[in-house]
Every structure is written in structure tokens, then in C-alpha cells.
Amino acid sequence: MTAVSISFVESNSSCVETDSVHLVRVALSSASAEVVVVHYSINPDSGSQGRNFESNENSLAFMERQTTATIALRLINDTIKTGTETAVIKLFNPTNAALGILAIHRVAVQDDSGDHFSPEAIPFVYKMQQIGPRIEKLRGLTFTRPLKLGFITRAEYGAQIAASVHNDLSNDQAGYLNTEFLQMGLIDEFDTALQTTYTDHYTGFPAAYYVPGSDSLYFLTDLAFSDTAITYYVAHEMTHALQDQHLRSRAPDVPVYSYYNSDRYFAWKSLVEGDASFTGYVCLLNYLSSTIADPYTLIGNMFLNIRSNFIKYKETLDTPVYLDVQSLAPYDLGPYYVAQTYMHSSGWSGVNSKFSITGAPLSTAGIFAVDNRLVHGFDFTPLQQRLINADSALVFLDDDNAGAIILFALFYGELDSAFVSSGLGWSGDRFMFFIDAGQKYGTLIWALALTDAQKASYLFGKFDDRIRSRKLGALRPWFSALDSSVADTQTIYTYASAICTTQLIRRGSQIWWLENTGTQGAFIRGELARQQNLPALAKKSIYTPAAVPVPMLDAEAKRRALKEVLRRTFGRL
């Protein structure tokens, strides 16, 4: 029987909708030597519409010896008079603890709207009423639930991002992530304030956003929206609501967690944002002029130019470039992908079909090239079982499909435009990076399948240049030497320094980057070669690995407990 119990500190509380966030305290009956996780739900009480707060379902984690934590009730200052509403927060399904007596907490959310809409809300409410029917007619779908409107200052939004980043990315984890980025060549020097870099980047990014599952649209108050801008942003965010109510607007589950998020996730986000942008501009053109005969081709050409400019080198991208690339790709590549889908795949029904399990894009390479290419499925389960076992002193693990978008970020401004437009030749990859206790630099295994040997040879040269020019801290660039094991179908470059040993291998149409593999290098090369020649693994949907027991130290346990919070923070702007 579990000795530790978990309860709310109080059974009820109250707040005003203008508070933005209301914190509700949860406590353990005593300190626990184990990580305690409890799930919770936030829903309106019977008789309440729940317009003044966000309904939600999430989890709360208590680290070892931590006895108190808080649940954040997000409030919506929607300028619509609703009266006092009650939010009911329920605890359920605890791990390593039992539910205590107070497992339900009620929050009385007092309305502060007055009898009329506030001046700032009137143009947005009017536009929602005007644009809503247009979107429904355009898409052949109807809104099944009323939408909520909220406003938030940049400072309030930034405070929420900062809290999530610092809560989800500890100093230790930021250090491990820095090491990974350095070894990959994504950054040139250690970012001593990675949490601040993330916070500043994501705080400054949106003008408006939709919260999936809440039917809530938010607009940032520091921007001066023109009538045209309001039309577009309202149409864009209302499209997200329509996706949420009718289509699968949440990213597919990723079987292996990564701080990168997976390639398939970014492909999915490109579809979601591309659809909202394309629909938003069609609505905007219809609003501005009813005499445009073919708005779809006009908008498609506009996004073709945006896509072309994104593929070319742009000096305006901020450092670190990988963050800008990941953030901009869904908006600069996604709309063209959706426009081409609309024009060549039965209109809106073709677009809607992309939101199905079978129709969803499998990779960002497909977004770049506007195709639905199949993916070579690398199976890293044997490698995990061999390299990460019960005796491993694992402190950090990143395992995912890195994908074409990471290749693009890694070689930004260096790649031929035609090569990028073809999807960078990518047809599948698997990336694994881990650090054991006592390691200064981690073990990196990156296997890539390309569409043909010519593209593999081209990209192999880019990898060679990047490895040669890497800097780790104040160290000089590495040097390379051609290995004696060279054949027509296999080239091996070996790089050596006092701190790392690296092999870059091209085998036919595949590239393998192996670093700090120690005595396991021969086993890894043999396993990858076996998979390359195994027909059963060739050209299929992304491989879903079997569960592999991984030693759970403090940092890893925290990452898993908080992974959904991080994903929602960085994945839904």
C-alpha cells in the first residue's frame, strides 16, 4: 500500500478572469524518494459554459523530495459577459502515490466584462462573425462549438513561455543539449543561456495563436492590427479551430521522445500551418475583392515565391539558425504544399484527406518536394539494447528521425536550391545521441538513406566540410584523413582529436556518422550494413521501435514526466 498521498491544499478558491493565470496548490502528505506523477483535468462545472478559462487535461510531476506543486488555470479575458463560472479540477491516476481526501478543487472565476465588448475586442468579434460563415462555406465544414476570444500582452505571454522553458529544461539538460548541438555542428559555441535563447525566440514569434482543445483564439496586444491584418489572422486562427473540431489537428504520437521533436512532427505542423495560411489568404482575397477569378493560383504563386526565398540563403535569419529554420519552415513551406495539394488533389477534399492517418505527410522531405515519398525505416532497437543497458550510466538520451529540416538547418545557405527542392535527397534516417556519466562529449549515431548514390555523394561532401570546420568551445577545427578502407561503393573518412573520434561513411546511397562509439564501432557498422541489405526494412513507413528498457536517472525521469508540457509549449504557436 502506498504511504504517500496527494491532495489539493484547499477545496475551493476564486479569481477574476483578468488575472491571466490562477495557481492551485497540490501537496504530498510526505516527501517521497520517487518521482510522483498525477494526472488532472480542468472542466467547467455543470451549468457553466467555461468561456473564461481553458479546459485542459495534463499531468503534474513531483521530483524526489518535492512536496508541493501548482496547477495553472489559464484564464481568458474574453470581453464577453458570462457571469461567474466554476472550473472543476480533478486529480486522477497517480503514480507512486495514492489520492488523498481532497482530489477535487473548484475555482470560482468572476467575470469582469461588463455589459459590452471592450473597444479592443469589437473589431475582432465583428471579423469572427463575418469570416466564420465564409470559412465554413469555403471548406464545406461547420463549427460545432462556439469560439472564445482572448487577449494577452507580450509580457504575459513571455512569462508563460519562460516558466515552461525553465520548468521543463533544467540547467543539466540545457548543458547536454548544448553538447549535442555542438557535436552536430548546429552551433559554433556553447550557449550558456540556452533557456533564455529559447524563451526570447518563442516569445517574439507569434502575433496570434490558437490553443488546441480549448476553442480559444488569442491575440497579442502589442501589435497594431490593420483591418486587413485582422481579417487574415482571424481567418488563420479560425481555420485552426475548424481543424481541431473536424480534422486531426494534433501531431501524431512520436514513439521515441526527443528534444528536437520528430521529423514527422514538423511535417505535420507544416500541414496544419500551411492549411491555415492558405485558407487565411483565400478568405482575405475574397474579402478584399470578389472579382478575382482564380485566387488559388494567385496565392499558390505567392507561396511559391516565399518557398523559393526560404530555400535560398537569407542573411536575415537570427542566430541560432536552427531555431529560425524550425519555426519558419511550417509557414514558408507548408502553404505551398497545401496549395499544390488543393490544385492537384481534388480541391479541399484533397487537403482534408491529408489530415487522415493514411494521408498525412510522412516527412519534411515530402513537404520540401511536395510528394508523399516512402521512408526507409532504420531499426535502432538492437543498438539501444547493446549500447544502453542496465549497466549504463545514462544521463541524457535523444533518439528520433532528424529529417530533412535538420539537414537544411545544418547546411543552411550551402546547398544547391534544386537539391533542396527535391527534398534534399532524404528518404529516411535515424538519429541517436546519448551521454553516459563521466563523458564530456556524447556518442552520436546518425544513419541517413538518400534517394540515390549521387545525392549521397553530394551530401557526404557537405558532412565532411562541416565536421572539419566544427569547433568545440575554444578548440581548433578538427582534421580528417582518408581511411585505407575505400571501395567503389564505400568510402570511410576518419577524424581524430584528443577528445573525439569520428567516422563518416558513405555506403552506396546511405551515409553514416558515427562518433565516440568506442569498441562498439564494428558492431554498429555491421548492424547498419545488415539493415541496408534487408528487403523487409526497405522503403516503408517510419519504423516504430519496440520498447527498450532504459535506465532512468533523475534527469531522464524528469524529461519523460514533463515531455507533453514542452511539446505543447513549442509545438502549438
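Predicted model: local features only at pLDDT ≥ 70, side-chain atom pairs only at ≥ 80, totals over all residues.

Tutor: Residues are numbered from 1 along each chain as its sequence is written, and side-chain values use heavy atoms, with hydrogens and water left out.

Student: How many aromatic pairs does a search of the whole structure find?

Tutor: The search finds 34 aromatic pairs. Rings of Phe, Tyr and Trp (its six-membered ring) pair if their centres lie within 6.5 Å; planes under 30 degrees apart count as stacked, over 60 as edge-to-face and the rest as tilted.

Student: Why is the pair of Phe151 and Phe219 called tilted?

Tutor: The ring centres of Phe151 and Phe219 are 6.4 Å apart and the planes stand at 40°, so the pair is tilted.

Student: What makes Phe411 and Phe463 an edge-to-face pair?

Tutor: Their centres are 5.1 Å apart, with 90° between the planes; an angle over 60 counts as edge-to-face.

Student: Why does Phe463 count as buried?

Tutor: Buried means under 20% relative accessible area (exposed is over 50%, partly exposed in between; 1.4 Å probe, protein chains only). Phe463 has 1% relative accessibility, so Phe463 counts as buried. Phe411 is also buried, with a relative accessible area of 1%.

Student: What lies over the face of Phe523?

Tutor: Arg386 does, at 4.1 Å from the ring centre. The criterion requires NZ of Lys or CZ of Arg within 6 Å of the ring centre and within 35 degrees of the ring normal.
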